[in-house]
Amino acid sequence: MTTMQLNAELLRNMSIIAEDENLLRRATKYLRKLVAEKHEDPTLISKEEFFASLDRGEEEYRQGKTHRINSKEELNHFLNSL
């Protein structure tokens, strides 16, 4: 189904729902949930979390808990070992 067809179907159904206040409330509540789900991004972190992660990385570097990769071959070897 194309986007235009989906939009047409949505508008047809909304015209039916708009005549019933109870259905309209339920549809609005559900649409709010859909919009909220779309805006949630699990990859987003706060500024504080980002800088804390950098601090942890620097501390691990100071403690020698990091891997130094100097070439493409070393990178491939490391990735293949995971």
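The model is a predicted one, in which local features need pLDDT of at least 70 and side-chain atom pairs count only at pLDDT 80 or more, while totals for chains, interfaces and linings use all residues. Residues are numbered from 1 along each chain as its sequence is written, and side-chain values use heavy atoms, with hydrogens and water left out.

The secondary structure of the protein chain consists of 4 helices and 0 strands, where helices (H or I, at least four residues) and strands (E, at least two) are DSSP runs numbered from the N terminus. The protein chain has a radius of gyration of 25 Å, well over the 12 Å that the globule rule gives for 82 residues, so it is more spread out than a compact globule; this radius is taken over C-alpha atoms, and the rule is 2.2 Å times the number of residues to the power 0.38. Along the principal axes, the C-alpha atoms fill a box of roughly 70 × 30 × 15 Å.

Lys65 is found in the loop between α3 (47-62) and α4 (72-81), and Lys65 counts as exposed because its relative accessibility is 56%. From C-alpha to C-alpha, Lys65 and Asp41 are 30 Å apart in space, and in sequence they are 24 residues apart.

Notes: Buried means under 20% relative accessible area, exposed over 50%, partly exposed in between (1.4 Å probe, protein chains only).
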